[in-house]
Amino acid sequence: MSSGRASAPALGVALLLLVAVSLSAAVGAAAFGTVGATTSPPPTASIALEVEDGTLAFAHRGGDALDVRTLRLEVEVDGTALTHQPPVPFFAARGFVSGPTGPFNAATDPMWTAGERATVEPAGTNAPDIVRGATVTVDVYAGDHRLVRLTAVG
């Protein structure tokens, strides 16, 4: 007379072995997947800022071409962040006069190269106002990497 009791330990060992092999394969894939992975360095560029009658004018002076679709601008006036930040590229955006120029305009080539200018103008619905003598600071980010901090007086 045979009993089914002997198959339970063998089945348990097989399942435990399967779990161990699966876990080691997952750990190995994760470890080897990150060893050879490289990230491309962030772009570098020289950018200048001027404030002309409340309009922010940016000039790409040299360095890498920048894809404005990957850029983020954070604007402060006298240390206070604008209520609405410019979502470059755009044509119409809350808190900004429509029709920015250069590559900040969604209707143009998004690659910003040396020698090109781009402007944005905060609208009267954005605060604080850029008044004469105000210090404007703009941080330009490519993804999470800050490319440059720019300062100009309005």
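**A proline in a loop**

Pro89 is located in the loop between strand E5 (80–81) and strand E6 (111–112). The model discussed here is a predicted one. The peptide bond that leads from Val88 into Pro89 is cis, with omega near -10°. A cis peptide bond also joins Ala127 and Pro128, where omega is about 0°. Pro128 belongs to the loop between strand E7 (117–120) and E8. Most peptide bonds are trans, and most residues other than glycine have a negative phi.

Asp53, which is not a glycine, has a positive phi of about 50°. This residue lies in the loop between strand E1 (45–52) and strand E2 (55–63), and at 77% relative accessibility Asp53 counts as exposed. For Asp78, phi is near 50°, again a positive value in a residue other than glycine. Asp78 is placed in the loop between strand E4 (71–77) and E5. Its relative accessible area is 51%, so Asp78 is classed as exposed, the limit being over 50%.

Four strands form an open sheet in the order E5-E4-E8-E9, with antiparallel pairing. E5 and E9 stand at the edges; each has a single partner strand, so one side of each is left without a neighbour in the sheet. Between E4 and E5, which run antiparallel, there are 2 bridges. Glu76 stands opposite Ala81 in E5.

The nonpolar interior comes next. In soluble globular proteins, nonpolar side chains tend to be buried together. The largest nonpolar core holds 30 residues, of which Leu56, Phe58, Leu71, Phe104, Trp112, Val138 and Val140 touch the most other members. Two or more residues of this core come from each of E1, E2, E4, E7, E8 and strand E9 (145–153). Phe58 illustrates the packing: leaving aside neighbours within four places in sequence, its contacts include Ile47, Leu49, Leu73, Phe104, Trp112, Val120, Val138 and Leu150. Among the other contacts of Phe58 are the charged residues Glu116 and Arg117.

Strand E8 (residues 135–142) also contains Asp139. With a relative accessible area of 5%, Asp139 is buried, because buried means under 20%. Which residues does Asp139 touch, not counting those up to four places away in sequence? They are Arg72, Leu73, Glu74, Arg146, Val148 and Arg149.

Two of these arginines form salt bridges with Asp139. The side chains of Arg146 and Asp139 meet at 3.5 Å, N to O. In the salt bridge between Asp139 and Arg149, the closest N and O atoms are 2.7 Å apart. Asp139 lies in strand E8 and Arg149 in strand E9, so this pair ties together parts that are 10 residues apart in sequence. The aspartate is buried, whereas Arg146 is partly exposed at 41% relative accessibility and Arg149 is partly exposed at 47%.

Arg72 and Glu74, both contacts of Asp139, are joined by a salt bridge of their own at 3.1 Å, N to O. Arg72 is partly exposed, with a relative accessible area of 33%, and Glu74 is partly exposed at 30%. The salt bridges in the model come to 5 in number.

Technical notes. Residues are numbered from 1 along each chain as its sequence is written. This is a predicted model: local features need pLDDT of at least 70, side-chain atom pairs count only at pLDDT 80 or more; totals for chains, interfaces and linings use all residues. Side-chain values use heavy atoms; hydrogens and water are left out. Buried means under 20% relative accessible area, exposed over 50%, partly exposed in between (1.4 Å probe, protein chains only). Contact means heavy atoms within 4.5 Å. A nonpolar core is a set of buried Ala, Val, Leu, Ile, Met, Phe, Trp, Tyr and Cys residues joined through side-chain atoms within 4.5 Å. Two strands pair if DSSP finds at least two bridges between them. A salt bridge is a side-chain nitrogen of Lys or Arg within 4 Å of a carboxyl oxygen of Asp or Glu.
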